Amino acid sequence: MTTLVFGHKSPDTDSTGSPIIWAWYLNDVQGIPAAPALLGEPNTEALFMLDRWKLDKPQIIEGVAADAPVVIVDTNNPAELPADINAADIRGIIDHHKLVGGLETKGPIDIRIEPLACTATIMYKMIGKDMAQMPTAIKGAMLTCILSDTLEFRSPTTTQEDKAIAHALAEDLGIVIADYAAEMFAAKSDVSAFSDAELLRMDSKEYGVGDTKFRVSVLETTAPATVLDRKASLMNTMTAVAAEDGVDQVLLFVVDILNEEATLLVPNDLVKTLAEKSFGATVSGDAVVLPGIMSRKKQIIPNLKV
């Protein structure tokens, strides 16, 4: 039976590329039939990666069959996975996020979780000497994942291992990192084709603070004005998205990659209080700039207070 490899819902570049990388490794190195999959449509940067390296878009799935073999990458959070995930035969987990708990396995499995910026960095280390067999396109996906998750090494989650592996891949591929990252971020910044609801869900995670449930959305861009020009309609749409998704509030952080800051939209008093308590911000309007805030995982979610 074919092993499905997939990451989290609302797939970003790492959750699109890492299943491709690991499915290649299982198929071509370990001899285990495997296929990458996605839990939704990939974002514009991930689509750029697929097009740039001529990779097929993985199949999009909504659930998994009972006892189907799967490997989970770039998450270990059941809330970010199919509702029927615990009925599957989870064979492995490769991740760089905190351990959440709640997944059940049929037996002992291989789990690799490291405090690195990107799942693909961990995979590079796990594949080791077999990297010599990896096709150019898969290496390209691996480099793209690392540059995306590190925001070209600007994110505070970046480690020296992420940097070293990205530089090694770029040298192998003949890629100038600054030029390639600029192409990636330009693709990520083009959100004109997406509705407000799609933008609010595009790169988001659910997180609870006490009894309050949030959808924490992050839009990383080199052109923040293109998003902030839609501020009023985005804030109007937050109410409907929150109701449909069963959360109390949507939080939208527009991360300015080049200026290394985030703008938080402030539609009501709940978010105003959250901005003041969580980030020490002074809020006087419907948006507030948070200097130095780049990472949801390291700087946003751990600091949320209501």
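Leaving aside residues up to four places away in sequence, Arg 230 touches Val 191, Ser 192, Phe 194, Ser 195, Asp 196 and Leu 199, where touching, or contact, means heavy atoms within 4.5 Å. The model is a predicted one, with local features needing pLDDT of at least 70 and side-chain atom pairs counting only at pLDDT 80 or more, while totals for chains, interfaces and linings use all residues. Residues are numbered from 1 along each chain as its sequence is written, and side-chain values use heavy atoms, with hydrogens and water left out.

Back to Arg 230, which sits in the loop between α8 (224-228) and α9 (231-245). Helices (H or I, at least four residues) and strands (E, at least two) are DSSP runs, numbered from the N terminus. The side chain of Arg 230 reaches the backbone oxygen of Phe 194 at 2.8 Å, and that of Val 191 at 3.4 Å.

Next come the domains. The chain is assigned a domain 1 (3-188) and a domain 2 (196-303), with bounds that come from an automatic or database domain assignment. Taken over C-alpha atoms, the centres of domain 1 and domain 2 lie 25 Å apart. Domain 1 puts 17 residues into the contact, and domain 2 puts in 16. About 1500 Å² is buried between domain 1 and domain 2, and carbon and sulfur atoms give 56% of that; buried area here is the accessible area (1.4 Å probe) that two parts lose on being put together, summed over both. On the domain 1 side, Leu 151, Arg 154 and Pro 156 lose the most area to domain 2, together 34% of what that side buries.

What about charges? The structure holds 19 salt bridges, each a side-chain nitrogen of Lys or Arg within 4 Å of a carboxyl oxygen of Asp or Glu. Across the interface of domain 1 and domain 2 there are 2 salt bridges. Glu 80 pairs up with Lys 205 in a salt bridge, with the closest N and O atoms 3.2 Å apart. This pair ties together distant parts of the chain, 125 residues apart: Glu 80 is in the loop between β4 (69-73) and β5 (89-95), and Lys 205 is in strand β7 (residues 204-209).

Finally, there is a helix pair to look at. Helix α1 (residues 13-29) and helix α2 (residues 44-52) pack at an angle of about 35 degrees, their axes 8 Å apart. Axes are lines fitted to C-alpha atoms, for helices over the stretch in contact, and angles run from 0 to 180 degrees between N-to-C directions. From α1, Thr 13, Thr 16, Gly 17 and Ile 20 meet Glu 45, Ala 46, Met 49 and Leu 50 of α2.

Technical notes: A polar contact is a pair of N or O atoms within 3.5 Å; within protein, one must be able to donate a hydrogen and the other to accept it, and residues adjacent in sequence count only if both atoms are side-chain atoms.
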